Amino acid sequence: MLHGREKEQEALAALVRQALAGRGGVAVVHGEPGIGKTALLDSVAAGATAARVLRATGVEPESDFGYATLHQLLLPVLDRIPELPSPQADALGAVFGLAAGPAPDRFLIGLATLSLLSELAGEQPVVCLVDDIHWADRPSINALEFVAKRIRTEPIALVLALRATEEPPLVPAGAFDVPLAALERTAARRLIEQTGRHLTPSQQDAVLDATAGNPLAIVELPVDAVPTGMTPSTPIPLADSLQGAFLARVRRYPQTAQRLLLLIAVAGQLSPELLGRAFGAAAVQELDGLGELVRTDSTTIVFRHSLIRSAVYHGATVGERREAHRALADAMGPAPGDAARRAWHLGQSVYGPDDEIAEQLGRAGRAARVNSATSAVLLARAGELSTRGPWRARRYLESAAAWWNGGDTDRAATMLALIDREESTDESVRRGIIWLRASMELHTGLPEDAVAMLSPLLPALTEAEPRQSIPMLMLFGEAGFHANLPAVWSEVSDIAERLPLSGDGPHDAMLRLFRGACRVRAGKPDGLVPGDRELVESLTDPAMLCWASGLLWGLGDRERGRRLNRAAVDAARRLGAAGILVWALERAVGDDIAAGRFRSAEISAAEGRRIADEIGHPNASCWHRGALALLAAVRGDEQRARDLAYAVLAEAVPRRLADVAITARRALGLIDLAAGRPAAALTNLRPPGEFVHPGVLPAYTPDLVEAAVRARRPELAAAAFEPLDAAAAASRAPELMASAARCRALLAASGAAEDEFRRALVLHEKCDLPFEYARTQLLFGEYLRRRRRRAQARVPLRAAFDIFRSLGAGAWTERARAELRAAGDRVEPSATTLRTDGLTPQEMRIVQAVVDGFTNREIAAQMFLSARTIDYHLRKIYTKLGVRSRADLIRVSLTGDLRHHLPAQR
């Protein structure tokens, strides 16, 4: 029975009832040590008789082992892992040591956990209880956070308990907050009576005053432990006194029992078999007499309360703890599941440099790369135990890389700072440090600084294999693009020409593509070998596919570039490679915007922004928000466009993200340009000198020329047009030549303008750029109307109006409508809003996946959701669109309103 916790018990019982009704939720229970968090979780478990209960407890010694707490939570249901989609099953199997495999992305682990819990919840609602979450390992916390954000439509309740004195490792939005305060005096007296101790009223008052209403202290603190002279206004230090009380109880046991307790304390938790090997045959007999301190079942031995473990651990001497670590290490075998823990205990059993043990830790850390957090911890300890020199720095670097790959930027930076203190490092370590720092800077800081870091490394690449040189060159080029440093490409081109080619594999083809793209950028022939373009399509790594897509784009092979980018998106989704998915979605969004697939672009940009925020890549998040601002401007949502654009500029300008800043400014300019405010548009479309970006020149120059001409600033229009004109002449690309012809038409004298407009329209017909085509039709119609050729003007104006309306470009539809009226054409009012306007970007993505023939389970894997959540959204979609089945949805999608608004095939 819990005394004085009726309110808290009812809150958690309501959460469980909600899960039983099919709606998931999260609760966070927090309070000081001993306040009753574990007892409250026990009461939830006891009351959830209609649900499957899974439990785990974070233990401090295991906080260094990746996925230790998650493994504990899912241990009773590990036999269900094979039922998951193979990438998810393989990922969980790899990190739990059940199977070999590559290191999975943390998003894939989160998705696999969600899928497993969802599968279980399909049979019976699930209640997950995680105690002492503040001591859980970071990868487990990441996985639980992933689940917590996505169980609203699942019959799953997640209850997390932590100490109020600890920083919350995760605070899910919308979680029930369940604070545990001290017991009121009446409830505390009932608890004293429940203990069976016969205390006088004055003794009760002394205990209550000393323990300040803490339930565990009331139960465990002897009356004689209360110092004389204590008053209600000066309660004893709770944790210290409790620990002292527990230690006093432990000291009453024989030395052999105390040694066994120390083994359990050092391990955090362990199996009876392992304890038997570490302690000896008498372990089982000794355990029988320790039931008041430890909890034992068939698989796990653990202390009943973390304060007991703390008392045992800190009550031992340093030498005794080291002996316990060594005993555990010696008892562990070479099995994959034990290897990492054995190495860790071995590392804790020594003090000071020990190169032999450091080598064992290093090997274990490299073998554990499938679990980046565990790998990072083992390699860090290997570095600590190494004598000063190259091996110490190398192990610190490997640890930093493991932390970065696992998404922990702060710990990666800490490890790099340790390397800075080393007296010397070899050349390969130095290159690795620079590479890692540049990668971190590109994604989270200033790309310009990443370029400065990488530049000194380029000359040495001429002696490297393509597998090593290509990623370095690509990173350098990517950083140069985002930093708006055109000179980077001349540097890269020179190095690429001198790099050795070792064969005819995909990596060699990639290098030739890279050379070709550099040559085309410089106005030279590409020099490609026949078959190179096809060869790169055999690549399977999503990062390499992404790079190959960009190179093909630069070579003018846009269709193949799109195909490879779709393959990169698919591979990243399948592997749960969130960082690469965010990057691949950038190109997908850009392509969709150019092709007028605005709804599809919005869906991908919204997904890219969400994932970038979750994995801590602020520059990618900024890019996607800039794209959303541009899309809002085109669609006529002025307030949203302005809000997004100003927020993006506030981040992009200090970080000198030129391409992102220009996109945000373009969004602001298009709002004014569509509304007939050219002077205001010109202000936003004229970027400061350092933000003039050749890479986005084709996109914003036509807008700038139009605004300058309309604002009667032809000299500004002419100056802005020159770089675009030169680029079009050099590339002969139809889309650039069409934009250049339109600009010449705006700048031309009256007699020559019409020919340029017509030339532009002919060129547009060779491209898949409907929005730009409609823009040229609109300008041509305006030109004709202003010369009193109203009948002729109505033809291009009507074409522009129809295209804008079909694209959902609301602001431009209204501008074309006004011009048609001025030309004497009667334009019917807009039809009722398309039914798709009521669908969210996430719902539109689901519709596309249904049309493509994917099952709910497959859609869930693509979108990092559960199959039950997909089913929930589909029911909402059916209601919004007035359809009853999947077949109806596909029919409407392919023949009705949806067909122009579905995302492009991925």
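A: Ring pairs join F598, F771, F804 and W812 into a cluster. Here a pair means two rings of Phe, Tyr or Trp (for Trp, the six-membered ring) whose centres lie within 6.5 Å; planes under 30 degrees apart are called stacked, over 60 edge-to-face, and the rest tilted. This is a predicted model, in which local features need pLDDT of at least 70 and side-chain atom pairs count only at pLDDT 80 or more, while totals for chains, interfaces and linings use all residues. Residues are numbered from 1 along each chain as its sequence is written, and side-chain values use heavy atoms, with hydrogens and water left out.

A pair of aromatic rings is described by the distance of the centres and the angle of the planes. The structure holds ten aromatic pairs. In one of them, W547 and W583, the ring centres are 5.5 Å apart and the planes stand at 70°, so this pair is edge-to-face. W547 belongs to helix 27 and W583 to helix 29 (residues 578-594), so the pair ties together parts that are 36 residues apart in sequence. Helices are DSSP runs of H or I with at least four residues, strands are runs of E with at least two, and both are numbered from the N terminus. W547 has a relative accessibility of 14% and counts as buried. W583 is buried as well, with a relative accessible area of 19%. Buried means under 20% relative accessible area, exposed means over 50%, and partly exposed lies in between (1.4 Å probe, protein chains only).

The pair of F780 and Y783 has its ring centres 6.5 Å apart and its planes at 20°, so it is stacked. Both residues lie in helix 39 (residues 770-786), three residues apart, about one turn of the helix. F780 and Y783 are both buried. R788 has a phi near 60°, a positive value in a residue other than glycine. Most residues other than glycine have a negative phi. R788 is exposed, with a relative accessible area of 77%.

D132 also has a positive phi, of about 50°, although it is not a glycine. The loop that holds D132 lies between strand 3 (126-131) and helix 6 (138-148). D132 is buried, with a relative accessible area of 8%.

Back to helix 27, which carries W547. Two packed helices are described by the angle between their axes and the distance between the axes. Helix 27 (residues 542-554) packs with helix 28 (residues 558-575) at an angle of about 165°, and the axes are 8 Å apart. That makes the two helices roughly antiparallel. The axes are lines fitted to C-alpha atoms, for helices over the stretch in contact, and angles run from 0 to 180 degrees between N-to-C directions. Angles under 35 degrees count as roughly parallel, over 145 as roughly antiparallel, 65 to 115 as roughly perpendicular, and the rest as oblique. The crossing of helix 27 and helix 28 is left-handed. A crossing is left-handed if the near helix is turned anticlockwise from the far one by less than a right angle, and right-handed if clockwise.

Residues in this contact include P542, L545, A548 and W553 of helix 27 and R558, L564, A568 and L575 of helix 28. Contact means heavy atoms within 4.5 Å. By class, the contact of helix 27 with helix 28 has twelve nonpolar, three polar and three charged residues. The nonpolar class is Ala, Val, Leu, Ile, Met, Phe, Trp, Tyr, Cys and Pro, the charged class is Asp, Glu, Lys and Arg, and the others, Gly among them, are polar.

L539 is found in the loop between helix 26 (532-535) and helix 27. At 10% relative accessibility, L539 counts as buried. Apart from neighbours within four places in sequence, L539 is in contact with P506, M510, M544, L545 and A548. L539 and L564 are 25 residues apart in sequence, with 9.1 Å between their C-alpha atoms.
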